[in-house]
Amino acid sequence: MSPAPATAEEIRDVNARYHDGAAADYDAKWGIDFGEIGRTQVLGKLRKALDGRLRSFERGLELGAGTGYFSLNLLQAGVITDATCTDISPGMVDTLAANAQRLGLDVDARVADAEALPFDDESFDLVLGHAVLHHLPDLDQAWREIHRVLRPGGVAVFAGEPSHYGDRIASVPKRAATHAAPAWRRIMRAHPAREGHQDGGAANHQLESKVDVHAFTPEQLSAGARAADFGDVRVRGEELLANWFGWANRALEATADPETVPWAWKMYAFRGYVGLQHLDRVLLEPRLPPAMFYNLMITAEKAPA
Ligand SMILES: C[S@@+](CC[C@H](N)C(=O)[O-])C[C@H]1O[C@@H](n2cnc3c(N)ncnc32)[C@H](O)[C@@H]1O
């Protein structure tokens with residue numbers, strides 16, 4: 001008999017606990033950068049979401065901000081003047097606050113559920129998130145909250161959401177890489193990963209399969225925003241070749257002790273990823289339907305007063 005589906009409360013609880021356990025190593029695991037590389041990536045995504053017209057915002061609110069990848073890079077680039085960062089995981093909020101302090105940035109960082117935002121109506125010009133919507137049990141409620149806290153004329157941007165189709169095709173390079181991992185480690189002279197060196201150990205590893213609750217078609221992703229009364233809603237697809245390459249490499253690297261993976265391999269993996277991202281952007285994204293890509297991004301504008 002298959003297990004009963006998790007309740008909304010269980011999903012929130014598992015997300016908080018899993019991400020608490022993952023917080024300390026999160027930046028290293030995902031290669032999160034707060035320098036030139038990170039800024040270029042984040043600005044590129046926001047520019048795409050805004051139809052190529054990057055502009056600045058007075059007050060930004062990020063949901064599921066994690067360690068601060070988006071907001072801290074946008075603050076450094078001067079795209080957001082004032083940043084409020086929220087996450088359901090206290091561990092992530094602590095890591096974000098430490099990152100902000102190290103970078104000399106002033107941020108209001110707090111624990112908050114995206115479905116119950118502790119902010120007044122019409123407080124923000126931009127509400128954003130990266131890889132967060134697919135963790136939320138009640139998306140319609142989250143969109144109502146996003147609409148409520150946005151000022152008239154404000155904009156919501158969420159990127160890095162797994163597409164239904166992309167989620168399935170990403171499993172192919174992941175499986176292939178897992179088979180090839182022992183030979184790859186021999187060639188690289190890399191040692192096998194130490195038990196539980198990432199994501200907070202074996203107990204946390206068990207929670208991993210329970211934190212993702214959605215993969216979207218473009219229609220499913222936009223439904224909540226439309227129901228919450230956003231006027232202009234657009235969904236784009238991004239990354240196809242880059243994700244195949246990235247997931248295969250990540251699956252290989254996950255089997256090795258990171259300190260023994262050669263620098264030359266890391267450079268090859270990073271440069272290859274960026275090169276394929278470029279190909280995706282100029283060749284595939286303008287030609288293929290959003291549903292074909294691994295990631296979806298959504299832009300929703302609240303009608304002006
Ligand atoms: C995949 S991580 C992405 C983190 C960050 N945005 C980034 O791109 O690096 C998803 C984040 O969403 C947070 N999250 C999950 N459920 C949430 C909820 N109901 N409300 C707010 N944040 C949530 C998690 O704690 C985690 O930090």
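Biologist: Which residues of H6 are buried?
Modeller: Leu 139, Ala 142, Trp 143, Glu 145, Ile 146, His 147 and Val 149 are the buried residues of H6. Buried means that 20 or more other C-beta atoms lie within 10 Å of a residue's own; exposed means 12 or fewer, partly exposed is in between, and C-beta atoms are placed from the backbone.

Biologist: Before we go on, what am I looking at, and how do the numbers run?
Modeller: This is a predicted model: local features need pLDDT of at least 70, side-chain atom pairs count only at pLDDT 80 or more, and totals for chains, interfaces and linings use all residues. Numbering starts from 1 along each chain as its sequence is written.

Biologist: Back to H6. What do its buried residues pack against?
Modeller: They pack against E1, E4, E5 and helix H9 (218-227). Contact here means that C-beta atoms, placed from the backbone, lie within 7 Å. The H and E labels are DSSP runs numbered from the N terminus: helices are H or I with at least four residues, strands are E with at least two.

Biologist: E4 and E5, how many bridges?
Modeller: Six bridges join strand E4 (residues 124-130) to strand E5 (residues 150-162), and the two run parallel. Leu 128, for one, has Val 157 in E5 as its bridge partner.

Biologist: Zoom out. How many helices and strands are there?
Modeller: The protein has eleven helices and seven strands. Its radius of gyration is 19 Å, close to the 19 Å that the globule rule gives for 305 residues, so it is as compact as a globular protein of that length. That radius is taken over C-alpha atoms, and the rule is 2.2 Å times the number of residues to the power 0.38. Of the 305 residues, 41% count as buried.

Biologist: What surrounds the ligand?
Modeller: 20 residues do, and the closest are His 19, Gly 64, Gly 66, Ser 89 and His 130. Near means a C-beta atom, placed from the backbone, within 6 Å. Helix H1 (residues 8-22) gives the largest share of the shell, three residues.

Biologist: What classes make up that shell?
Modeller: Ten nonpolar, seven polar and three charged residues. Ala, Val, Leu, Ile, Met, Phe, Trp, Tyr, Cys and Pro count as nonpolar, Asp, Glu, Lys and Arg as charged, and the others, Gly among them, as polar.

Biologist: What touches Leu 96?
Modeller: Leaving aside neighbours within four places in sequence, Leu 96 is in contact with Ala 65, Gly 66, Thr 67, Gly 68, Cys 85 and Ala 109. Leu 96 is found in helix H5 (residues 90-103). It is buried, with 27 other C-beta atoms within 10 Å. From Leu 96 to Ala 65 is 31 residues in sequence and 8.0 Å in space, C-alpha to C-alpha.

Biologist: What about H4, mostly covered or mostly open?
Modeller: Helix H4 (residues 69-76) is mostly covered, with seven of its eight residues buried. The cover includes helix H3 (36-49), E1, strand E2 (80-87), H5, E3 and E4. Just after H4, Gly 78 has a positive phi of about 75 degrees.

Methods:
Pairing = 2+ DSSP bridges. Contact = placed C-beta atoms within 7 Å.
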